[in-house]
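Hi,

Here is the structure I promised to pass on. Please open it first, then read my notes below.

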Amino acid sequence: MFSWFKLTLLALSFMTAAICHAQEPKAPDVIETAAAQDDDFYTVWSRIRDGFKIPNMDNPVVKENLQKYLKRPDYIHRMANRSSQYLYHIIEEVDARGMPTEIALLPFVESAFVSNAKSRAKAAGLWQFMPATGRHYDLDQSLWKDERYDVLESTSAALTYLQRLYDEFGDWQLALAAYNWGEGNIRRQIKKNQAAGKPTDYMSLKMPAETRNYYPKLQAIKEIVMNPEKYGIKLPVIYNEPSFIQIFKEQDIDVKRAAHLAGMKEQEFTELNPSFNRPVIVASHHHSMLVPSDKIDTFVENLVAFRTSGKPLSSWTTYRVGPNESLAAIAQKAHMTEAELREANQIPAGRRVKPGSLLLVSRAIGIGDAEDISSDTIGATFSLAQDYRRVSYRVRKGDTLARVAKRLGVSPTAIVKSNKLKSRRLRVGQTLVVNVPIRNRQMAEHQPSKPVESASSTSNISRFYVVRRGDTLYSIASRFGVPVSAVKAANNLTSNNLSVGTRLAINQEGTPTKRNVVLEKLPPSVKKTVVQRPLSNQTYHRVRKGDTLFSIASSANISVNRLKALNNLHSNNLTIGQKLRLK
């Protein structure tokens, strides 16, 4: 008996349960009977109805939205069934703050009570927080967790935000409009109406269609909840008691294992706990999880049984990506497949990860130990390498889809998809936007190159590149398939700062440009890019076909104005053969 008692205490020390505000649900005054189960007295719906405080809105926009809902009773039922997990907690929070209970119905409009909902604009969770607004209200968005999806944290943040909006506008309808459209927009519209002597109520302000219908949608939901029988809607019974319990952990635990211990399918568990970005819940980051109230006994019993096995609750650790380290190599170290590594870290197929990024890997000899993930990783970063650059291409005479695709190094299908082309025929002057693969160093190392004959090492063949807006040393080096260090060495750069118009020599070894390259033996494609000597070493330059003041000034590392002053030029026109002074 002592052994069993000790294990039970050990399991219970793993968690500290808090039921919402650590308040036990109030027992009903009478014993619940089967006949009384549908009585509103025992449901959350009755609490919501009793706390309505926002004046009703009655206009054609409300009626239109009400009819849209009523045409889809199945949709209402799905939303209401999903809400049964969350409404008790939300109404507890709303009541505690003395807010109108209509606020508890807002997730019907925002997310249809889909806990992992994400809009095209990147708003997330039940309350649809945008990333910046979420950070403003202390919703953590890290490698491990996005609290915009956390039911408890996002509810608290949303109510705080709404209360602040009400304090500013003094009107719940306007506060809700500001929640949807932004308070700055509502302020400006109110000022415009005041200046024009017009009313400043919700329907008198000029708004986009989404905001125009926002509160009317909530009013429509309110009317259905107030009198479902009138509209032929049967709401699910949601008893006035918590549906989940919050558990704080002392050890890391796999999401899959937590679901198994609770006797739940992993999908059910993640629907209740959608905020975790990785397949492990990290204890050192003060992360908690939610377990259904009717599953808590199962969870504790299974936890006790599992811990007798001596196996760790988590099978994951972390790994820092090194320079030029491939995902395949990391996966091999961790005894994983590359596909498993990509899935655990949400890395799309074909994409690389930047050096220094923190990856989640399975615990294996040589890559991790049995310790939990450190609290030092709470601010860890993870970034995908920029394998593509966005290029605009203007179609010229004689261009075909296949020809343009070959020139840009992409497939014709990629051009069609990225530009949503309805036809494969191109027209002269048409602008195409394409994501073109960047030839990074790793790719270049694996691609065979044709030998180039020269009187000296081919690594000394330099191409020249003029820095454009947005360029970095990394992007330029990646474009030519050379190391950043080689670019810096070839140009005697002591920092990573670049100026637009700077002319850079590019070669694999990072050596200065030499004159002993035998150009006659080079392929035409290489000849076009080779310059025997930088203009910065010359006193004069003879204008050739294709030269411009900008190209000459850039190559000589001087400004266009300086070049014009040296040569007493008053226009940008040049003549082939003209001799220009550079110093």
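**The second largest pocket**

Five helices, α3 (60-70), α6 (106-110), α9 (172-181), α11 (209-212) and α12 (214-226), each supply at least two residues of the lining of the second largest pocket. Helices (H or I, at least four residues) and strands (E, at least two) are DSSP runs, numbered from the N terminus. The model is predicted: local features need pLDDT of at least 70, side-chain atom pairs count only at pLDDT 80 or more, and totals for chains, interfaces and linings use all residues. Residues are numbered from 1 along each chain as its sequence is written, and side-chain values use heavy atoms, with hydrogens and water left out.

Which helix gives the most to this lining? It is α9, with four residues. The pocket has a volume of about 720 Å³. Val109, Glu110, Asn180, Glu210 and Tyr214 are the closest to its centre, out of 28 lining residues. A pocket here is an open set of points on a 1 Å grid over the protein atoms alone, where a 1.4 Å probe fits, with protein on both sides within 12 Å along at least five of seven lines; lining residues have an atom within 4 Å of a point. Points are joined across faces, edges and corners, and the volume is the space filled by probe spheres set on them. The lining divides into 15 nonpolar, eight polar and five charged residues. Asp, Glu, Lys and Arg count as charged; Ala, Val, Leu, Ile, Met, Phe, Trp, Tyr, Cys and Pro as nonpolar; the others, Gly among them, as polar.

**Helix α19**

Look at α19 (residues 412-419) next. Ile415, Val416 and Asn419 are buried there (under 20% relative accessible area, 1.4 Å probe, protein chains only). They cover an arc of only 100° around the axis, so they sit on the same side of α19. That arc is taken from the directions from the helix axis to the C-beta atoms. The buried residues of α19 pack against α18 (401-408) and β9 (431-437). Lys420 follows α19, and its phi is positive, near 50°.

Ala112 is in the loop between α6 and α7 (131-136). Its phi is positive, about 55°, although Ala112 is not a glycine. Ala112 is buried, at 9% relative accessibility.

Gln346 is in the loop between α17 (338-345) and β7 (358-362). Its phi is also positive, near 55°.

Ser275 lies in the loop between α14 (266-272) and β4 (280-281). Is Ser275 buried or exposed? Ser275 is buried, with a relative accessible area of 2%. Beyond its neighbours within four places in sequence, Ser275 is in contact (heavy atoms within 4.5 Å) with Trp144, Lys145, Asp146, Tyr149 and Asp150.

Best wishes

Note on methods:
Buried means under 20% relative accessible area, exposed over 50%, partly exposed in between (1.4 Å probe, protein chains only).
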